[in-house]
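Please open the model in your viewer and keep the selection panel at hand. The tour below goes from one selection to the next and says what is to be found at each.

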Amino acid sequence: MAYGLLKGKRGVISGALNEQSIAWKVAALAHAEGASIVLTNAPVAMRMGEIDKLSASTGAAVIPADATKDEDLENLFTGALEKLGGPVDFVLHSIGMSPNVRKGRAYTDLNYEWYKQTLDISAMSFHRMIQAGVKTNALADGGSIVALTYIAAQRVFSGYGDMADAKALLESIARSWGYHLGKKNGIRVNTVSQSPSKTTAGSGIKGFTGLFDFAEAMSPLGNAPTGDCANYVISLFSDLTRYVTMQNLYHDGGFSSTGATQGIVDLLEKEGD
Ligand SMILES: NC(=O)c1ccc[n+]([C@@H]2O[C@H](COP(=O)([O-])OP(=O)(O)OC[C@H]3O[C@@H](n4cnc5c(N)ncnc54)[C@H](O)[C@@H]3O)[C@@H](O)[C@H]2O)c1
């Protein structure tokens, strides 16, 4: 059911690769809630993905941008201003990639060139994106910016490798920009920390199926589905959350506050028998 929560708002949504992508669900819902949007992704992902399908169903223009390139990002916001006919009320950063994780390099044996790429693609890109929006005067006063993150920023998850460091940096960038943009423009900046989700990026994590099942068993509500993550992100883009900023917000079925569930205890007791 649509509530018209984003009626008349304009947004930029990154990271929709295919129907499983969290950004895909956010884009579809933003459109259903009345927003006009521009979609963006890395030029290489455009060729692999199915973004044209999403563009057709949402009426969104697509502007390719490599999130590690300032020029691409400035072009993205200049183009968005033009396509949307005014400044952008909301921005979604839904980008993550680690060459070390993808190529199976352990955290104890990182390739540092790849480590730099992990941080650049998955975290610095958030700073760059916001800076490009500011430099091009594309961000509307009172707007909302959200990036997606994972609890490995706070606690160790064995297979998450250098992405944990990238997420810690990403969350810090959200706080810092949240301060500066809040003071100057009334713009809020938050991160949403999502449950493990079966997407292209998620499935690239070592031992993902085990991690997914573990989180499911450790969350009183179960793992949060990506469609519900989109609901939460839309609420953060809406005027219902105008005083929420500089927060890392868990959307994880209660995982982050749970020490042990009976299900996990029973499982380990059985194994110990
Ligand atoms: N899937 C999970 O388990 C999970 C859990 C918590 C948080 N997240 C986060 O959610 C976000 C979205 O991931 P997803 O799970 O929807 O997977 P996804 O693979 O669908 O999305 C990742 C996106 O990043 C884009 N990307 C990679 N390099 C880029 C670059 N240089 N420039 C621009 N875009 C680039 C990809 O093209 C892709 O669209 C990521 O930040 C991810 O870390 C995912």
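Two strands are said to pair if DSSP finds at least two bridges between them. With that in mind, and remembering that this is a predicted model, select Leu 39, which stands opposite Val 62 in E3. Then widen the selection to strand E2, residues 36-40, and to E3, and you will see two strands that run parallel and are joined by two bridges.

Now show every strand of the sheet to which this pair belongs. The sheet is open and has seven strands in the order E3-E2-E1-E4-E5-E6-E7, with parallel pairing. Strand E3 (61-62) and strand E7 (248-251) are the edge strands, each of them pairing on one side only.

Move on to a pair of helices by selecting H6 (residues 112-135) and H7 (residues 163-185), whose axes come within 8 Å and cross at roughly 10°. Angles under 35 degrees count as roughly parallel, and H6 and H7 are therefore roughly parallel to each other. To look at their contact, pick residues of H6 including Leu 119, Phe 126 and Ile 130, together with residues of H7 including Leu 169, Ile 173 and Trp 177. By class, the contact of H6 with H7 has 10 nonpolar, three polar and one charged residues.

Turn now to the ligand, and select the residues around it. There are 27 of them, and the closest are Ser 21, Ala 45, Gly 96, Ala 201 and Gly 202. Helix H1 (22-32), strand E5 (139-149) and helix H8 (200-203) are the elements that give two or more residues to this shell, and H8 provides the largest share of the shell, three residues. Colouring the shell by class would show 13 nonpolar, 13 polar and one charged residues.

Finally, zoom out to the protein chain, which holds 11 helices and seven strands. Its radius of gyration is 18 Å, close to the 19 Å that the globule rule gives for 273 residues, so the chain is as compact as a globular protein of that length. Along its principal axes, the C-alpha trace of the protein chain spans about 65 × 45 × 40 Å.

Definitions and conventions
Residues numbered from 1 in each chain as written. Predicted model: local features only at pLDDT ≥ 70, side-chain atom pairs only at ≥ 80, totals over all residues. Near = placed C-beta within 6 Å. Helix = DSSP H or I, 4+ residues; strand = E, 2+ residues; numbered from the N terminus. Nonpolar A, V, L, I, M, F, W, Y, C, P; charged D, E, K, R; others polar. Axes fitted to C-alpha atoms, helices over the stretch in contact; angles between N-to-C directions. Parallel < 35°, antiparallel > 145°, perpendicular 65-115°, else oblique. Contact = placed C-beta atoms within 7 Å. Rg over C-alpha atoms; globule rule 2.2 N^0.38 Å.
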